[in-house]
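Work through the exercises below with the sequence and the model open. Each task is followed by a solution in steps.

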Amino acid sequence: MGKLSRSDILEAFFWLLIAVIFFAVSFSFNQPIEIYKFGATGWPRVILFLMALVALGNFYHAYSKGSKAQEGRVGAKENDEPIEYTSTGQYFKTGMVLILPLLYALSLKPVGFYSGTPIFIALIMIAWGERRVRFILTNTILIYAILIGLFMLVLNAPLPQGNMSPFYDISAFMLKTKTQLDQMF
Amino acid sequence: MIENFLAGTATLFGDPFTIGIFVFGVLGGMLFGAIPGVSMLTLAAILLPFTADLSPAQGVMLFAVIYCTGTYGGAITAILFNIPGAPENAPTAFDGYPMTQKGMAGKAVGAAVLCSAIGGVASALVMMSATEPLAQWAIMNIGPPEIFALVFFGLAVASSVGGRTIWKGWLSVLLGLLIATIGQDPVGGINRFNFGYSDLAAGIAFVPAILGFFAVSEIFIQAEKNVSGKYSAPKFNVDFPSFLELWAHKIAVVRSIFVGFFCGILPGIGATLAAFMGYGEAVRWSKNKSEFGTGKLEGVISSETANNAATGAAMIPLLALGLPGGALTAMMVAVFQMHDLEPGPLVFYNSPELIWIVFAAMFYANLSILFVGLIETKTILYLLKIPFQFLAPMILMLASIGAYISRGLVLDVIVMFIAGIIGFLLRRSGYSIPGIVLGLILGKIGEQNFAQGMQMVHYDLGTYFSRPICTILIVAGVLTLLKSLHSAFFQKSKVT
């Protein structure tokens, strides 16, 4: 096995899988273009071929020299020692930090920005390990106020309103209040 | 030229409302550039509809000023938090962030302020004196083969400076190139890799992808450190670099001005490639190559001088040929069109006052970076004192808004967080995020120009090499790749 680690094998598998999947999908748009000899698939397939080739080179490098950084590589220093997990709790906490924002993004369409944001801000602080209720409440309100003040009141930026009751009604109330404020000043 | 410049200055500072717009542009660009999670593009996207109420000169001038100051502002977050405000600030983080970790944030930010101003002012001066002849030269000598060759060279440089190994550097660039193929192909308009989602027909938008790869992945990296108890707050420091420290890098500054200007003048290339090439050349010519990436002042200087030197140059293809060099200059085209104008050679004859207000505003905006930037910097360094438990949700929220506003699609916010997760996993494994982003940005430009070039030369690759600029760039790119391939096989790893 040379100097291969499990992550080296996984990486090689990941890149080759991407190359194979995308190559297979490329047949779905393999149509000729009258004015261009290489068609719509020429460029992506060259990239996929190179990707597979370089992935094998990467695998061979890891096999023969290990996966530590090459000398003289810029920006590699910070990642030289990846963090080792010692308990399942750490996996869970990191997983929460990764998944929460994605859940927030997925909820934007039904829930909207105005209702979903304060909950997300508080949850992300908890996921970061913050447990002081007062700190979480104060900072959630502060961040929410800054965002509403800057983007809704000053810059008039359109933000997702949601399409589900009662979230849509909350957004409508916020926007109505904003219009009334505009009329007052 | 001087008469026109003075006339532009008089118009700019003769009207209080125009002065107000100028000041707003300077402060807005710096502020949005320097807030992690949003960028000058966020501000520009929000302001675009409002420019309909301004005069054409005021509208274009506002965007030109935001472009200059926002390009500098993005360096602040790159240095302080390892979150480049824009792709053109990515190479600044290579050395800027390690300097912050060593307690030298003040020196890095101070160098960025000064070099951004020098690069920008030099570029503005050349732009004012030579826009028309340079545009003529570019028309005669630069075609799709040259642009493709420069993209190839730029990607070769980018792959050789990022990632834990050369293989990972190349894989990063190739991933970016692959992501760029999602959406319609640039020749026939055929949908590629959209997996049935009609929203993906327009491709992956730059802004959410960039925010995800840079800002969100950095938050995740810091969160992981926090979870494992390895998080340490960056060290606070406001010591600026001395004159002698900066003077020692005068050659790097001059070299980066040339590199930045050359990249900026080419349509579609812009400041991002300029910054990578400026940084790459600094590494190439240095006697202490191994010090780059560990907190070397020259890295910050080279990258920041080059990207600001490209801002003035990017106005040349925009104003003289009507070809935008990046996302922000593309928005400027929209400002022109809102006022029934088309940027191009005729603008110089039909609206000379507009051109000279823009030129004068860019010159003064770059000067402002020096004075306002120094004051702003002293304040903004205090961001380092804010607890990350507060900054993290703030940055994530700002990034969400920034991603959503550019197209008004929730899909973009989802794409941003997916890019953040991918970026986090790839960074843990030693891949280069700037490499991915550069591949993403240059992929479409590269493919489009390759296709046009191939059609031009009737698919005869030999004709490519009858064009001197194209030949030089391709040979330089191939040599760069061969050199890194040699090091991949014959150089030792740090620890094996």
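**Exercise 1: two helices of chain B**

The axes of helix H3 (residues 40–47) of chain B and helix H4 (residues 56–81) of chain B come within 9 Å of each other and cross at roughly 155 degrees. Numbering starts from 1 along each chain as its sequence is written, and chains are lettered from A in the order in which they are written. This is a predicted model, in which local features need pLDDT of at least 70, side-chain atom pairs count only at pLDDT 80 or more, and totals for chains, interfaces and linings use all residues.

Task: state how H3(B) and H4(B) are oriented to each other, and list the residues that meet.

Step 1. Two packed helices are described by the angle between their axes and the distance between the axes. Helices (H or I, at least four residues) and strands (E, at least two) are DSSP runs, numbered from the N terminus. Axes are lines fitted to C-alpha atoms, for helices over the stretch in contact, and angles run from 0 to 180 degrees between N-to-C directions.

Step 2. Angles under 35 degrees count as roughly parallel, over 145 as roughly antiparallel, 65 to 115 as roughly perpendicular and the rest as oblique. H3(B) and H4(B) are therefore roughly antiparallel.

Step 3. From H3(B), B:Met40, B:Leu43 and B:Ala44 meet B:Phe63, B:Ile66, B:Tyr67, B:Gly70 and B:Gly73 of H4(B); contact requires C-beta atoms, placed from the backbone, to lie within 7 Å.

Step 4. By class, this contact of H3(B) with H4(B) has six nonpolar, two polar and no charged residues. Ala, Val, Leu, Ile, Met, Phe, Trp, Tyr, Cys and Pro count as nonpolar, Asp, Glu, Lys and Arg as charged, and the others, Gly among them, as polar.

**Exercise 2: a helix of chain A**

Task: check the length of helix H4 (residues 113–127) of chain A and find what covers its buried residues.

Step 1. The expected span is 1.5 Å times one less than the number of residues.

Step 2. Eleven of the 15 residues of H4(A) are buried, among them A:Phe113, A:Phe120 and A:Met125. A residue is buried if 20 or more other C-beta atoms lie within 10 Å of its own, exposed if 12 or fewer, and partly exposed in between.

Step 3. The cover of these buried residues includes helix H3 (88–111), H5 and helix H6 (167–184) of chain A, together with H17 of chain B.

Step 4. After H4(A) comes A:Gly129, with a positive phi near 100 degrees.

**Exercise 3: the interface**

Task: how many residues of chain B contact chain A, and which helix gives the most?

Step 1. The contact involves 73 residues of chain B and 65 residues of chain A.

Step 2. On the chain B side, H17(B) gives the most, with ten residues.

Step 3. That side divides into 39 nonpolar, 21 polar and 13 charged residues.

**Exercise 4: backbone features in loops**

Task: locate two positive phi values in chain B and a cis peptide bond in chain A.

Step 1. B:Phe193, not a glycine, has phi near 50 degrees; B:Phe195 has a positive phi of about 50 degrees.

Step 2. B:Phe193 is partly exposed because 19 other C-beta atoms lie within 10 Å, while B:Phe195, with 9, is exposed.

Step 3. The bond from A:Ser165 to A:Pro166 is cis, with omega near 5 degrees, and A:Pro166 lies in the loop between H5 and H6 of chain A.

Definitions and conventions:
Contact = placed C-beta atoms within 7 Å.
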